[in-house]
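Subject: A structure for you to look at

Hi there,

Here is the structure I promised to pass on. Have a look at it first, and then read my notes below.

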Amino acid sequence: MKDPLIARERMIEEQLQSRGIRDQQVLAAFREVPRHKFVEDYLKYKAYEDYPLSIGFGQTISQPYMVAIMTEALRVQPSHRILEIGTGSGYQAAILSRLCSLVYSIERVSALASRARKTLDELGYFNIHIRIGDGTLGLPNDAPYDGIIVTAGAPHVPEALIEQLNQDGSLVIPVGDQSLQDLKRITRTPEGVKEESLGGCRFVKLIGKNGWSS
Ligand code: SAM
């Protein structure tokens, strides 16, 4: 990779703004977070390309546009506490941490959680709490959350996650079979739960008690 700053700016223009990402705070977070620090050395030259990349353990760091569309859909405010399911590389958590006060992120693969923790510490992103465990159960001890984002594909919406949302909070989650999912935004409103479809997507599996069994 030649100059990460130039690659990052191109990614923002050509992959995010050109496809309709308009939230200036979200775009500023993408400008700030050095995505190449979240991939292994041999993949750094591809860090700003328009696709997901392997992070080992059969898992991926998501395509930049998918991270952007999910982040924008959460409507994050500076005072918010956000829960992420699926820490992976830590990149999505890093983007969220620039937009809100506190991020909780759960990962089931402990080696990924440790690597993400190290990357985030090196960058000085200290408002992120990483936990190891089954995120399909949420994180009840620190609930409720102003937003919950699931970065793996679920067979159905885990009820526990809706229960851990604050009033007016949204859950953004890919739901479907293992090859294709629908990105859903589920919002807790005074009138009840409102569900919106944000389009098709393809994620690795959400594995756990309220997800896929393996
Ligand atoms: N958000 C990540 C990033 O920014 O790099 C990408 C996440 S990757 C597409 C999906 C992650 O979800 C994997 O790291 C996988 O191990 C994790 N995962 C799958 N099922 C999980 C569960 N039940 N609880 C927590 N993490 C889970």
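A word on naming first: helices (H or I, at least four residues) and strands (E, at least two) are DSSP runs, numbered from the N terminus. Please keep in mind that this is a predicted model, in which local features need pLDDT of at least 70 and side-chain atom pairs count only at pLDDT 80 or more, while totals for chains, interfaces and linings use all residues. Residues are numbered from 1 along each chain as its sequence is written, and side-chain values use heavy atoms, with hydrogens and water left out.

Let's begin with some backbone details. Phe 57, in the loop between strand S1 (53-56) and S2, is not a glycine, yet has a positive phi of about 55 degrees. Asp 168 is not a glycine either and has a positive phi of about 70 degrees; Asp 168 belongs to strand S7. These are worth a look because most residues other than glycine have a negative phi, and most peptide bonds are trans.

Now the strands, where pairing requires that DSSP finds at least two bridges between two strands. S6 (residues 145-150) runs parallel to S7 (residues 165-176), with four bridges, and Gly 147 has Ser 170 in S7 as its bridge partner. S7 also pairs with S8 (residues 181-189), this time in the antiparallel sense over seven bridges. Pro 174 is bridged to Leu 183 in S8, and four residues separate S7 from S8 in the hairpin that they form.

Is Ser 62 buried or exposed? Ser 62 counts as buried because its relative accessibility is 17%, and buried means under 20% relative accessible area, exposed over 50%, partly exposed in between (1.4 Å probe, protein chains only). Asp 168, by contrast, is exposed, at 55%. Ser 62 is found in the loop between strand S2 (59-61) and helix H3 (64-74). Leaving aside neighbours within four places in sequence, Ser 62 is in contact (heavy atoms within 4.5 Å) with Arg 35, Pro 52, Val 67 and Phe 203.

I hope this helps you find your way around.

Best wishes
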